[in-house]
Each structure stands twice: as C-alpha cells, then as structure tokens.
Amino acid sequence: SVSGNQNYKSATTTMVLTVLPKDTEILLLDNISNGIQINWEKNKHASGYYIYRSKDGNNFKKVAGINSGAITKWTDSKAATNGSRYSYKIVAYTKIGNSIYKSSESRVKYFYYMSTPTVKSVSNYRVDGILVRWSKNSKASGYEIKYILDSKPKVIRVNKGSSEIGIIRKLKKGKRYSISVRSYKKIGSRRYYSNWSKVKRVKH
C-alpha cells in the first residue's frame, strides 16, 4: 500500500471573453436643408459608431466617428451636391480600456441629395385656384406642392422636372393657405425627395 500526504494543485486558466457589439443597420436616409441625415438603430452594447460614405458605391471612407452609443442620427453636411448619389454604411464599436472592438459592417444604403427649391410667389388664380411659382431644379424629375388649411395638409404632384409653376384648384374662398414645394428625383419606381421649402402664405 502507499501512504503519505501528497498535495495536488490544479492548473487554473483565466479566459477573457470579449462580446462584440451586434451589427447596426441604417434605418433612414433623408434630405434636410444642409445635407443628408442618417438615422440608425440604437445598439445598447455600443460605445459609438463609425460612418462611411462613398460616391461611386465602391470606395468608402470614414466620414464620422460618433462617440456615444445613445446617439442615433447624424447629418452629412458635405453630401450636398444637387442630384448626386451618396452611399453609406455604419459600424458599431465597443471600447474596453484602450482596445476597440468593431461589429460587422451594415448593409449599404444610398440616397440622392436634392437641393431645396425656393417658392418665388403664390397668387390667386381665377375663381378657385392659387398659382405657385418656384425655382427650377435642373436635376429634378418633378415636384410636389403641399398646401395646408386648418392643419390638414394636401399634396399635388407635378411630374415634370422643367416645370416652374403649378396650380392648386378647387379651393375655398376667404381662407388662408400655407404652401411649400419640394423637388424629387425618380430612379426606377422610387422617388428621392428634397427638403420642403420655406412656407409661403396666401389668402384666397
């Protein structure tokens, strides 16, 4: 038989697991007065986000670093060439100590920047109409005119990019209307809209 005291020490292995942030998707691209606004889904594990832009759809460069996981929108003020297409993708990142861990890249989404038209004038037209004049956008496929009475907006579409005037018909006499215009570029079945112009008001 074997007797005696023997001490056994087990080997302890320490493993550090790093949880990468999940992928973050772009939810919305939209034209505002000074560029394209990007909205993305919030990532609760992210310390921030990196945004990448391309003009040809292939060669991307980082254009913004967002230093908070709680921020979910950013405006690209340099994406402001009228009629141009801009592509975007986003990466979430987590910062632990001095190390940064990135998610995979989001799916690429693109949008056309369309400059905001200016409403030059609004005036009464015949018995039941208002004539609207605006600045023509050479890159536009058409325009939309929004008119509001008693907080109820209605929109009519002018499907011609060379147009500079539009007529709103069947209006009520003695009422005051608020009117604005936006341009759009049509690619296939999709329309890419500019920001709405400043409002002009007229009493019919």
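Trainee: How many bridges join strand β2 to β5, and do they run parallel or antiparallel?

Mentor: Strands of a sheet pair through backbone hydrogen bonds, either parallel or antiparallel. This model is predicted. In it, β2 (residues 35-40) is joined to β5 by four bridges, and the two strands run antiparallel.

Trainee: How many residues lie between β6 and β7 in their hairpin?

Mentor: Two residues lie between them, and glycine 97 in the turn has a positive phi of about 65°. Four bridges join β6 to β7 (residues 99-102), and the strands run antiparallel. In this pairing, isoleucine 96 stands opposite serine 99 in β7.

Trainee: Is threonine 94 buried or exposed?

Mentor: Threonine 94 belongs to strand β6 (residues 85-96). Its relative accessibility is 10%, so threonine 94 counts as buried. The side chain of threonine 94 reaches the backbone oxygen of histidine 45 at 2.8 Å. Apart from neighbours within four places in sequence, the residues in contact with threonine 94 are Pro21, His45, Ala46, Ser47, Ser99, Ile100 and Tyr101.

Trainee: Which residues have a positive phi although they are not glycine?

Mentor: Serine 151 is one of them, with a phi of about 65°. Serine 151 is placed in the loop between β11 and β12 (152-158). With 68% relative accessibility, serine 151 counts as exposed. Lysine 170 also has a positive phi, of about 60°, without being a glycine. Lysine 170 lies in the loop between β13 and β14, and at 75% relative accessibility lysine 170 counts as exposed.

Trainee: How many aromatic pairs does the structure hold?

Mentor: A pair of aromatic rings is described by the distance of the centres and the angle of the planes. The structure holds nine aromatic pairs. One of them is formed by tyrosine 110 and tyrosine 112, which are edge-to-face, at 6.4 Å centre to centre and with 85° between the planes. Tyrosine 110 is partly exposed, with a relative accessible area of 32%, whereas tyrosine 112 is buried at 12%.

Trainee: Why is the pair of tyrosine 147 and tyrosine 177 called tilted?

Mentor: The planes of tyrosine 147 and tyrosine 177 stand at 55°, so the pair is tilted; the ring centres are 6.4 Å apart. This pair links distant parts of the chain, with tyrosine 147 in strand β11 (residues 142-149) and tyrosine 177 in strand β14 (residues 176-187), 30 residues apart. Both tyrosine 147 and tyrosine 177 are buried.

Trainee: Which residues form one aromatic cluster?

Mentor: The cluster consists of Tyr110, Phe111, Tyr112 and Tyr192.

Trainee: Which lysine residues lie over an aromatic ring?

Mentor: Lysine 89 lies over the face of phenylalanine 60, at 4.3 Å from the ring centre. In another case, the charged end of lysine 146 sits over the ring of tryptophan 196, 4.5 Å from its centre.

Note on methods. Residues are numbered from 1 along each chain as its sequence is written. This is a predicted model: local features need pLDDT of at least 70, side-chain atom pairs count only at pLDDT 80 or more; totals for chains, interfaces and linings use all residues. Side-chain values use heavy atoms; hydrogens and water are left out. Buried means under 20% relative accessible area, exposed over 50%, partly exposed in between (1.4 Å probe, protein chains only). A polar contact is a pair of N or O atoms within 3.5 Å; within protein, one must be able to donate a hydrogen and the other to accept it, and residues adjacent in sequence count only if both atoms are side-chain atoms. Contact means heavy atoms within 4.5 Å. Rings of Phe, Tyr and Trp (its six-membered ring) pair if their centres lie within 6.5 Å; planes under 30 degrees apart count as stacked, over 60 as edge-to-face and the rest as tilted. A charge sits over a ring if NZ of Lys or CZ of Arg is within 6 Å of the ring centre and within 35 degrees of the ring normal. Two strands pair if DSSP finds at least two bridges between them.
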